[in-house]
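Reader: Please show me the chain, and then take me through it by question and answer.

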Amino acid sequence: MSAPFMRCCQRSALLFAAARRPLSSSSVSTPLHRRLLLFLTQRYYDVEMLLSWKSSWKRRGIEKKNAYYGYTERLHGPDIAAAFYILTMKGSFRYVGQSEWFGSDASAKFNWDFLNHKDTQLEEVNMSHTLINFRGLRNLEGQRSLRTLSLRGCPEVDDWFLSRLHIFQDSLEELDISQCPRITAGGLAALRNLKGLQRLDVSSLPRISNPGLVVILLEEMLPHCQITATGYNYDPRQEQDETAPARTEIGTGQG
């Protein structure tokens with residue numbers, strides 16, 4: 001166990017001991033919560049270290065979950081490795097030519113029958129509300145038949161993740177990245193490589209400040225794609241009117 005963690009535990013014990021210490025004559029009139037706040041103020045850096053340790057521990061857990069399943073791939077092939085990764089992340093998928101979906105429950109328990117499809121690629125993958133990140137995406141690189149990918153509400157999906165989706169440019173037809181808190185307009189520009197995309201859901205992206213303009217740009221990049229963008233408080237006609245003078249000015253300058 002690391003030394004910083006041991007120090008944090010010892011100092012936490014001191015905190016509780018101080019809170020339960022009998023009141024002295026000088027502190028009878030001081031409320032308990034004020035004495036606790038005073039103690040925390042004096043131990044500010046100790047509390048900060050504890051919170052930092054907790055954050056780094058959580059980050060290591062996410063990276064571990066998204067590790068490359070190289071051993072499984074060497075043993076069972078890339079399709080089984082991709083399926084196993086999805087199930088351990090509490091996602092679900094459907095094989096090409098199959099109607100049955102494989103998924104895991106809330107406790108990450110799943111049916112091992114997916115092992116019977118060793119040389120069958122994945123056609124639909126649902127990773128919504130999981131902790132998949134760009135490192136974990138490496139486990140799906142060999143899925144050249146992937147048509148549908150749902151990433152709704154994934155907190156680790158960011159602009160860098162979107163830039164890696166070009167590996168599915170020859171097969172991907174439907175993509176759901178709605179409610180992903182880390183996606184920005186700059187990351188959406190990377191979707192221009194997905195020329196075969198037919199449906200795209202970019203609803204409720206909190207870091208998109210001009211959704212109407214973003215939708216216009218996406219429609220220009222992906223003219224054959226149906227784009228869904230709900231959950232925004234904006235008037236698309238107003239934003240189009242605001243961008244019209246700028247386009248007119250550019251056209252006049254060229255003339």
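Author: A definition comes first: a residue is buried under 20% relative accessible area, exposed over 50% and partly exposed in between, using a 1.4 Å probe and protein chains only. This is a predicted model in which local features need pLDDT of at least 70 and side-chain atom pairs count only at pLDDT 80 or more, while totals for chains, interfaces and linings use all residues. Residues are numbered from 1 along each chain as its sequence is written, and side-chain values use heavy atoms, with hydrogens and water left out.

Reader: Is histidine 224 buried or exposed?

Author: Histidine 224 sits in the loop between H8 and strand E7 (226-228); helices (H or I, at least four residues) and strands (E, at least two) are DSSP runs, numbered from the N terminus. Its relative accessible area is 69%, so histidine 224 is exposed.

Reader: Which residues does histidine 224 touch, not counting residues up to four places away in sequence?

Author: Contact means heavy atoms within 4.5 Å. Histidine 224 and leucine 197 are 27 residues apart in sequence, yet their C-alpha atoms are 7.5 Å apart in space. With those sequence neighbours left out, the residues that histidine 224 touches are Leu197 and Gln198.

Reader: Is threonine 184 buried or exposed?

Author: Threonine 184 belongs to the loop between strand E5 (174-176) and helix H7 (185-188). Leaving aside neighbours within four places in sequence, threonine 184 is in contact with Asp159, Arg207 and Ile208. Its relative accessible area is 17%, so threonine 184 is buried.

Reader: What is the relative accessibility of leucine 140?

Author: Leucine 140 is in the loop between strand E3 (122-126) and strand E4 (148-150). Beyond four places in sequence, leucine 140 touches Ala82, Tyr85, Ile86 and Phe168. Leucine 140 counts as buried because its relative accessibility is 1%.

Reader: How many of the 11 residues of H5 are buried?

Author: Among the buried residues of H5 are Ala82, Tyr85 and Ile86, which leucine 140 touches. H5 is largely enclosed by the rest of the structure, because the number of its 11 residues that are buried is nine.

Reader: What share of the contacts with a separation of 6 or more comes from residues 24 or more positions apart?

Author: The chain comes to nine helices and seven strands. Of its contacts with a separation of 6 or more, the share from residues 24 or more positions apart is 68%.

Reader: Over which residues is the pLDDT below 50?

Author: pLDDT is the predictor's confidence in each residue, from 0 to 100. The chain has a mean pLDDT of 83, and 76% of its residues reach 70 or more. A stretch with three contacts in the model beyond near neighbours in sequence has pLDDT below 50: residues 243-255.
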